Amino acid sequence: MIIRTRLAAGACALLAALTAGLAFPAGAAAGEPTGEDAPKVDLVLDVSGSMRARDIDGQSRMAAAKQAFNEVLDATPEEVELGIRTLGANYPGDDRKTGCKDTAQLYPVGPLDRTEAKTAVATLTPTGWTPIGPALLKAAGDLDGGDGSKRIVLISDGEDTCAPLDPCEVAREIAAKGIGLTIDTLGLVPTAKLSRQLSCIAEATGGTYTSVEHQDELTDRVNQLVDRAADPVVTPVATRGADRCASAPTLKSGLYSDREEFGQQRFYRVDVRPGQELRASVSAAADRAVNPGYGVLMRAVTSKGREIVRGEAAGTGRTDVISAGLRYPKAESDDEDAPAEAVCLAVSHSFSAASGVKATPGLPLELTVDVVDAPSEAGDVAAFGLGRGWWLLGVLILTGFLAGVVWGWLSRWRVAVWRTN
């Protein structure tokens with residue numbers, strides 16, 4: 001058994017999520033960047049009344065945001081399609097129902113006209129409510145379509161005022177669509193409650209949260225996130241595992257995402273030909289409050305259910321992502337036309353929901369599948385079958401036996417010397 005831990009902030013990306021069936025980009029292997037579509041970024045800015053507060057370098061939060069946006073627009077890479085969406089910018093009244101619909105696209109996502117975008121930003125005045133959840137739903141629609149990277153950068157100085165539309169739940173719904181969208185959040189002079197909310201939103205989609213108290217920090221961080229959108233990324237291909245091996249989807253080498261409910265087991269099939277080696281790993285992410293003490297298990301089994309090899313890992317609540325992996329080398333065959341073996345990967349985890357926490361949708365999974373030529377050199381661990389543990393067990397038994405013989409001889413010799421003296 002070989003366990004491979006891959007802790008990522010991302011985790012996890014974590015971690016994208018569930019859609020039905022398999023969707024391979026045309027002309028590219030699963031999980032590979034195609035480079036066909038431009039990266040897209042939607043800057044979502046809180047323009048609620050609280051942005052009038054003058055506590056960022058002696059100026060108002062709104063003034064600091066405007067200055068940061070102007071510098072970001074100047075530095076935006078040419079290949080990035082950028083848009084700006086506002087929340088709380090237009091309705092100054094007290095009607096909650098109307099205030100919670102107050103989100104608008106200030107500048108559409110597309111090729112950037114810097115002068116036009118700056119002119120639009122200059123018109124903003126702190127006005128109304130803080131409908132973060134509705135704004136995120138609309139922003140996801142702004143970025144819909146295409147296979148390029150998609151990123152929402154949310155900048156707010158206060159928590160959502162439109163509950164029960166919980167922004168965390170909205171972020172999880174967006175992740176569950178499997179469109180590969182990441183939400184990064186920035187809190188302006190945040191309270192503890194705001195930090196928790198923005199962190200939850202970011203973690204649900206594998207994004208990041210940053211606390212900001214100075215204008216230059218805001219500029220630098222937004223620039224970093226916009227530049228990151230232009231970097232080549234590998235987007236997991238959404239798949240849906242089955243509850244039994246016979247109906248499991250067949251995966252090729254690549255990166256995949258799924259969601260698995262508490263107490264559930266998912267199956268995925270991989271074809272392995274003689275002389276090839278299957279290398280697979282899975283990461284499960286806790287995108288909500290869970291009970292401490294959990295684990296993840298990945299098993300390679302035959303179509304008849306016999307276990308071939310397994311990988312497992314346990315956690316104690318100190319990390320939100322836990323990973324396990326395995327390797328299975330299939331021996332060479334003298335028959336050149338020997339058929340491929342259908343190996344089923346069975347994935348399960350022992351996370352459990354904390355009290356009052358929703359059990360659906362399931363926790364995000366990220367699977368890496370790689371089928372390569374099996375190693376031919378004897379020095380490779382897999383060539384000896386140590387992945388199954390038998391050779392390793394034999395070596396340990398032999399080592400223990402020899403050590404026992406030597407220790408027994410030394411002990412008798414020392415006793416004989418003591419008696420003689």
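Predicted model: local features only at pLDDT ≥ 70, side-chain atom pairs only at ≥ 80, totals over all residues.
1. Start with the side chain of H349, which reaches the backbone oxygen of E260 at 3.3 Å.

2. Is H349 buried or exposed? H349 counts as buried, because its relative accessibility is 8% and the cut-off for buried is under 20%.

3. What else does H349 touch, if you skip the neighbours within four places in sequence? The list runs E260, E261, F262 and Q264, then G295 and V296, and finally L363.

4. On secondary structure, H349 belongs to strand β14, which covers residues 341–349. Strand β14 is part of an open sheet of four strands, with antiparallel pairing and the order β9-β14-β11-β12. The edges of the sheet are β9 (265–272) and β12 (307–315), each of which pairs on one side only. From one strand to the next, the twist averages 15°.

5. For a handy landmark, look at R269, which stands opposite C344 in β14.

6. Now for a helix pair. Helix α4 (residues 132–142) and helix α5 (residues 167–176) have axes that come within 8 Å and cross at roughly 15°. Angles under 35 degrees count as roughly parallel, so α4 is roughly parallel to α5. The crossing of α4 past α5 is right-handed.

7. Which residues make the α4 and α5 contact? On the α4 side they are I132, G133, L136, L137 and A140. From α5 come P167, V170 and I174.

8. Last, some whole-protein numbers for context. The protein has eight helices and 15 strands. Of its 421 residues, 48% count as buried, and H349 also counts as buried. Taking the contacts with a separation of 6 or more, 77% are between residues 24 or more positions apart.

Key:
Residues numbered from 1 in each chain as written. Heavy atoms only, no water. Helix = DSSP H or I, 4+ residues; strand = E, 2+ residues; numbered from the N terminus. Buried < 20%, exposed > 50% of the residue type's maximum accessible area, 1.4 Å probe, protein only. Polar contact = N/O pair within 3.5 Å; in protein donor to acceptor, adjacent residues only side chain to side chain. Contact = heavy atoms within 4.5 Å. Pairing = 2+ DSSP bridges. Axes fitted to C-alpha atoms, helices over the stretch in contact; angles between N-to-C directions. Parallel < 35°, antiparallel > 145°, perpendicular 65-115°, else oblique. Left-handed = near helix turned anticlockwise from the far one by under 90°.
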